[in-house]
Amino acid sequence: GWRGLLYLGAYGQYVRGGRDRHSNRLAIIRYLGIDPEDLLGYEYALRKGASLQPSYFVARDRSHDAIVLSIRGTWSLYDAITDLVCEYMPWKGGMVHSGMLASAQWFYTNIIPQIFRYIHHHGGTIKRFIITGHSLGGGTASLLTMMVADHIEELRRLASNPSFDLHCFNYAPAAVSSLELARKYESFIHSFVCQDDIVGKMSYGSAMKLKEMIMETISAYNTLGGWRKVMADTKARKAYFKILDKRREHLNSISNSTYPSVSNHTHIMTL
């Protein structure tokens, strides 16, 4: 988050100005190394009632002829609420994280039209629109990119550039969409995930499966005479693991699963 910039290296000077409403703007400009006029917009402060509205900034990257929308990961209680609105919602023929979908829709309604207008007014000088984010911001960025990708031809007309590029780069993104939906838009989205990072693997479905497995573990222990007997008796232990294997197969079955898992499968690169 941008507040973290206030405590790193040269940006420690902004701690003293932490209450200055311009301090976040200065931190972003200094950290990115851009001219002040190239920071086109941002919202960082703890906005009252701003659940489903992650913080972000919009900047112009002149070195790559691009305009960049960067969406922050979870920081505030409002962001945590967005994370926890995690039940699935049908969308575009697949299933998605409902809280992050609502966040992406907020960006699509309130921010994307302004970016489209800027691209139109600066036709010829901007060749790419990059959407990026981390964690919650990465999941939101993925869904937002899917929305914008459906209008890529319109965007290219506005830019007066038939090869205008749209791309999303995500870092440790949350799992947000069902696999078939992710594959539909994989040419637009690259995700970078550390190998053992749980965020990119956890979803409402996986959490519910974990709960079912815990309950099944307790049930299996009780059926076989308690955990002490299972640990001491080889036959009971084999029966215990057989019960759990069968239950796991059932939960992972696409046709029988009550809790389908969503993913962040969009050209995933494991670090």
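Visitor: Which residue in S7 does Thr132 stand opposite?
Guide: In this predicted model, local features need pLDDT of at least 70 and side-chain atom pairs count only at pLDDT 80 or more, while totals for chains, interfaces and linings use all residues. Residues are numbered from 1 along each chain as its sequence is written, and side-chain values use heavy atoms, with hydrogens and water left out. Strand S6 (residues 128-134) and strand S7 (residues 165-171) run parallel and are joined by seven bridges, where strands (E, at least two residues) and helices (H or I, at least four) are DSSP runs numbered from the N terminus and two strands pair if DSSP finds at least two bridges between them. The residue of S7 that stands opposite Thr132 is Phe169.

Visitor: In S8, which residue is the bridge partner of Cys168?
Guide: Strand S7 is also joined, by four bridges, to strand S8 (residues 189-193), and these two run parallel. In S8, the partner of Cys168 is Ile189.

Visitor: Is His167 buried or exposed?
Guide: His167 lies in strand S7, and, leaving aside residues up to four places away in sequence, His167 touches Arg128, Phe129, Ile130, Ile131, Ser187, Phe188, Ile189 and His190, a contact being heavy atoms within 4.5 Å. Buried means under 20% relative accessible area, exposed over 50% and partly exposed in between, with a 1.4 Å probe and protein chains only. Because its relative accessibility is 9%, His167 counts as buried.

Visitor: How are H4 and H5 oriented to each other?
Guide: The axes of helix H4 (residues 98-110) and helix H5 (residues 112-121) come within 4 Å and cross at roughly 40°, with axes fitted to C-alpha atoms over the stretch in contact and angles running from 0 to 180 degrees between N-to-C directions. Angles under 35 degrees count as roughly parallel, over 145 as roughly antiparallel, 65 to 115 as roughly perpendicular and the rest as oblique. H4 and H5 are therefore oblique.
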